[in-house]
Amino acid sequence: MLMKRLRETKERLEDVTKRVGVGAYHRTVPYEIFQTVKSYLLKLYMGYEVNPPADELPFSVEDAFSYVKPGFLTLPMVVGFDPLDNYTSSEQSFLAIVRYRNKRYYISFSTIEDRFVGTLYVIFVVGEDPEELYSIELTNLLIKLAIRNSGYYGKFLKFSSPTDNIERVKFKVLLPPNLTLDDIYLKDKSDLEDFVEAVKRKNQGLRYLFVGEPGTGKTDTVKAIIAECLKSNGITVIEVDAGCGISLNHVFEYAEIFSPVLLCIDDIDLLVGSRENPLKARDLSSALQALDGFVEKEDHYLIATTNDRKLVDFALRRPGRFDLIMEFEELDPEFYPNLVLRESKDERLSEVFKDEKVRKKLSNLKVTGAFIVTLVKHLLKPRYEETRYEPNTVLALIDKLQTSFKQEVKKEEKLGFVGGDNE
């Protein structure tokens, strides 16, 4: 029902645009984009510094007005800045007159209330010449430059949408992860270092696919790469997970706005269709086209994860679409003490995990890093304060947790282990 209402509203907007003329265009955008573009035009109109400087831009702002129904025009009503350096005004509605390619364009920012869909934020662009065909080009240019001059650019963002519709995408600014590559327990981290270096240089687009069961370190590795890449000026990092509610082609479309960009997609198999499912075959075709367009750019970077490579259609994971597929497996015993020290900040406790019996027990079970983290959480409980440094206590707790996990999962599933005695 909601999607039907969205379609009906879009059809009404398209009908209005067609009546205005061939050169008219409208675009429904998220509130964050709506506010950012409006703020950008206000900054230009009021003479604030932007990047690139106003005299180097291919357009100029000739006039700007705020307006309230039924249409009284006033000077822009400015209240102040929001935390993302956007102007906030007392009225959402705004009109700017922009000169582009020696033609004038009227850019209107309007809100439309729909009792089913909610508030829609719409940008209308109308050329002075009804036959002018640069309205779409100008709109896309304004959005890209506005993003580059906003507080979203160069940040760590998370995308979400409750309606699987590009026009309802939400942005959330996240704090940088507190992990580094030093916190990643792999014997060979050269491929990860290559990825970070490519992002810093922005001279070689790379796409990695991380494959491994839950708990094998994929998520921590992605976080560490994000933290390292955010140290590079001018890179925007976007995180998307399977529950975001946005189709993969829409994700790529919005990521394009933020270039140079690092896109991190968790459980990509859940966002992409499969040729084995007729209902999802079209989604797969659309996703492949979007990915091909994304990977052609030198300043576009992608890390995707999946629990099982078989869940990702071969057409998506073939060479050319991904540059490298990394397998994540159980934690190497060499790193048991390092991970325990990281999680507990207790050097004495980390020494216990050098004990031969403890190492052999964990190694035989082929435990993941996630299991070690859970084990440490239990050992740090007050009741183990006196005994946590005894190998027998650790061995007994390992048996207890293993039994607990085995009872909670089905035979064919694995939780905290990779193979080993839990199968």
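Let's start with Arg-348, which lies over the face of Tyr-389, at 3.9 Å from the ring centre. A charge sits over a ring if NZ of Lys or CZ of Arg is within 6 Å of the ring centre and within 35 degrees of the ring normal. Arg-101 does this too: you'll find Arg-101 over the face of Tyr-134, 4.2 Å from the ring centre.

A quick word on what we're looking at. This is a predicted model, where local features need pLDDT of at least 70 and side-chain atom pairs count only at pLDDT 80 or more, while totals for chains, interfaces and linings use all residues. Residues are numbered from 1 along each chain as its sequence is written, and side-chain values use heavy atoms, with hydrogens and water left out.

Now, rings with rings. How many aromatic pairs does a search of the whole structure find? The search finds 10. Rings of Phe, Tyr and Trp (its six-membered ring) pair if their centres lie within 6.5 Å; planes under 30 degrees apart are stacked, over 60 edge-to-face, and the rest tilted.

Take Phe-34 and Tyr-121: their ring centres are 5.2 Å apart and their planes are at 55°, so this pair is tilted. Phe-34 lies in helix H2 and Tyr-121 in strand S8 (residues 118-127), so the pair ties together parts that are 87 residues apart in sequence. Helices (H or I, at least four residues) and strands (E, at least two) are DSSP runs, numbered from the N terminus. Both Phe-34 and Tyr-121 are buried; buried means under 20% relative accessible area, exposed over 50%, and partly exposed in between (1.4 Å probe, protein chains only). These two also belong to one aromatic cluster, together with Tyr-31, Phe-94 and Phe-109.

What about Phe-195 and Tyr-301? Their ring centres are 6.1 Å apart and their planes at 70°, so that pair is edge-to-face. Phe-195 is in helix H4 (residues 190-201) and Tyr-301 in strand S14 (residues 300-306), so here the pair ties together parts 106 residues apart in sequence. Phe-195 is buried at 0% relative accessibility, and Tyr-301 is buried with a relative accessible area of 0%.

Last topic: cysteines. A disulfide is a covalent bond between the sulfur atoms of two cysteines. With the rule used here, sulfur atoms within 2.5 Å, the count comes to zero. Cys-229 is buried, at 0% relative accessible area, and Cys-264 counts as buried at 4%.
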